[in-house]
Each structure stands twice: as structure tokens, then as C-alpha cells.
Amino acid sequence: MTEAVAGTDWNAWQDSWDRQQEWYLPDREERFRVMLDMVEAFAGPTPRVLDLACGTGTITARLLDRFPGAVSTGVDLDPALLAIARGTFAGDDRVRFVTADLKDPDWTAKLPHEHYDAVLTATALHWLHSDPLRTLYGQLAGVVREGGVFLNADHMPDAGTPRINEAERALRHARMDRAKAAGALDWRAWWQLAAADPVLAGPTAERFEIYGEHADGDTPSAEWHAQTLREAGFAEARTVWSSPSDAMVLALK
């Protein structure tokens, strides 16, 4: 580890990422609370968790804060966010991180465990189109143990309610505009800061080579997610939390 990396304030980067995400998702912590409630309901206080598309380790941080006896494997492809995650949890033997592309048919072979009590993900899988997501759900059915759960909290709009959707969007964006005028960082501004940081500049450049500027995936409804998860091999699936624009679907193996 170089002196620059050793001296990096990873907790400050974590906090900065949280604030940037909360600009888009003011109810972000509430979805994490419900997510961990469901983990406790099905796996108890010492779960083995797969933090899918883990980013900076946001879910892992909240998991270990609530359940100190838990263990977590974080999986992502983003080199910049993984750098923050690895820096944050360096020396914590409860946590491992794996670099893997979820579109790779063999990505599960990189995991340190064959099965997990819970697989958790939030605001990430909308980067995938429906067909790769359907394939991923089939793979996850083989990763979650019998009686275990998968939880996905993401953008899941209902196309059948266009006027409701537009009214909610207008209100949300007006609030976001006011917060940005008061100094809140948006996604682009946050990445500009990362690109200017001597430690994160290289991983950030690599990240944009991998992903480009914007996500190009799909945002199907919660009903689509639940049905697709059942078709993939989960016994039950339904929404367990929702906001006016997002939802969280739980699938039970």
C-alpha cells in the first residue's frame, strides 16, 4: 500500500458517496432498514451475505453495524468504488471483495462460498437489460441457499400510472434542484471529484472505460421482477417495500 493510499480518508469518501446517493434517494436508509429486517427474519443475526453490485460497500457497512457477527462478500466490477470499499474495510476479516462482471457466465465461480443466506442489492441492477437480468436471476437461484432470500431495491416504475409517475417525478426533481442549489453534489459532480483525487483518478478513468457515461439498462416493474424470480427457481417473490418511484422485491428460495 502506498503512502498516499494509506493516508486516504476512506470514511470521508463513503460519507460523500452516501450524501450524493441521498440526493437522488431521500428514503435510502429506510429501504436498507427494511432490507436488514428481512435478512434477520430469514437468516437471524449471523448471516452470510452476498452484497451484489456492492459499490463502496454501503449495504455491507449497514449489515455489520446491525449484525456484528455477519460475514459479507462484496461483488462489483467498478474499480473506483471497489477501491473505496477495500480501503474502508481493510483488516476486517468479516468482509471480502471480488472483482467480477455480472454478465460473465462464470462470475459465481469467483465467490468464496457456494451458497449464501441472503443476496442483497440496491439501486444497481437497472444497469442491466431485461434478458441479462433474467439470466442473472437464474444464477442467483443457485447461489441462495434453501430458505434463504434475495432482495433487490431499485427503480421499478409502474407504466400503468403515467400521471401519478409524472406528478411524483416533478415534485422529486423540484426538491433535488433546491438541494443542488444549496450545494448538494449530483452523480456527475461526485465523479469529477473522484477523477481529481490522486488515489482514485486511475481507477475512475478505468471505471469510465468499462461503463461509459450512463446506464443503458431497463427498469421493469416490481411485478416483472417477482414473476421473473419465480420463473428462475425461487419459491415465492413479492414487493416488501415501496416508495412512489422505487420498490424492493424479496424472493424466497
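This report walks through the sheet, some helices, a few backbone angles and the aromatic rings of the structure above.

The model is predicted, so to speak of a local feature a pLDDT of at least 70 is needed, and side-chain atom pairs count only at pLDDT 80 or more, while totals for chains, interfaces and linings use all residues. Residues are numbered from 1 along each chain as its sequence is written, and side-chain values use heavy atoms, with hydrogens and water left out.

## The sheet

Let's start with the strands. Helices (H or I, at least four residues) and strands (E, at least two) are DSSP runs, numbered from the N terminus. Two strands pair if DSSP finds at least two bridges between them. Here, 7 strands make an open sheet with mixed pairing, in the order β3-β2-β1-β4-β5-β7-β6. At its edges sit β3 (95-99) and β6 (236-242), each of which pairs on one side only. On average, neighbouring strands of this sheet are turned by 20° against each other, direction ignored. Such angles come from axes, which are lines fitted to C-alpha atoms (for helices over the stretch in contact), and run from 0 to 180 degrees between N-to-C directions.

How do β5 and β7 pair, and over how many bridges? Strand β5 (residues 144-155) and strand β7 (residues 246-252) are antiparallel, with 7 bridges. One example to look for is Asn152, whose bridge partner in β7 is Val249.

## Helices beside the strands

Helix α5 (residues 79-88) lies across β2 (71-76) and β3, and runs at about 160° to β3.

Just after α10, Gly233 takes a positive phi of about 125°.

## Positive phi away from glycine

Ala53 lies in the loop between β1 (48-52) and α4 (58-66), and Thr123 in the loop between β4 (116-122) and α6 (130-143). Are they buried or exposed? Ala53 is partly exposed, with a relative accessible area of 22%, whereas Thr123 is buried, at 19%.

## Aromatic rings

A pair of aromatic rings is described by the distance of the centres and the angle of the planes. Rings of Phe, Tyr and Trp (its six-membered ring) pair if their centres lie within 6.5 Å; planes under 30 degrees apart count as stacked, over 60 as edge-to-face and the rest as tilted. The structure holds 12 aromatic pairs, including these:

| Pair | Centre to centre | Angle between planes | Type |
|---|---|---|---|
| Trp23 and Tyr24 | 4.6 Å | 80° | edge-to-face |
| Tyr137 and Phe150 | 5.4 Å | 65° | edge-to-face |

Tyr137 in helix α6 and Phe150 in strand β5 link distant parts of the chain, 13 residues apart. Tyr137 is buried, with a relative accessible area of 0%, and Phe150 is buried, also with 0%. In the other pair, Trp23 counts as buried at 12% relative accessibility, and Tyr24 as partly exposed at 29%.

Ring pairs also link Trp13, Trp17, Trp187, Trp190, Trp191 and Phe208 into a cluster. A charge sits over a ring if NZ of Lys or CZ of Arg is within 6 Å of the ring centre and within 35 degrees of the ring normal. Arg207 lies over the face of Trp191, at 4.7 Å from the ring centre, and over the face of Phe208, at 4.7 Å from that ring centre.

Terms used: Contact = heavy atoms within 4.5 Å. Buried < 20%, exposed > 50% of the residue type's maximum accessible area, 1.4 Å probe, protein only.
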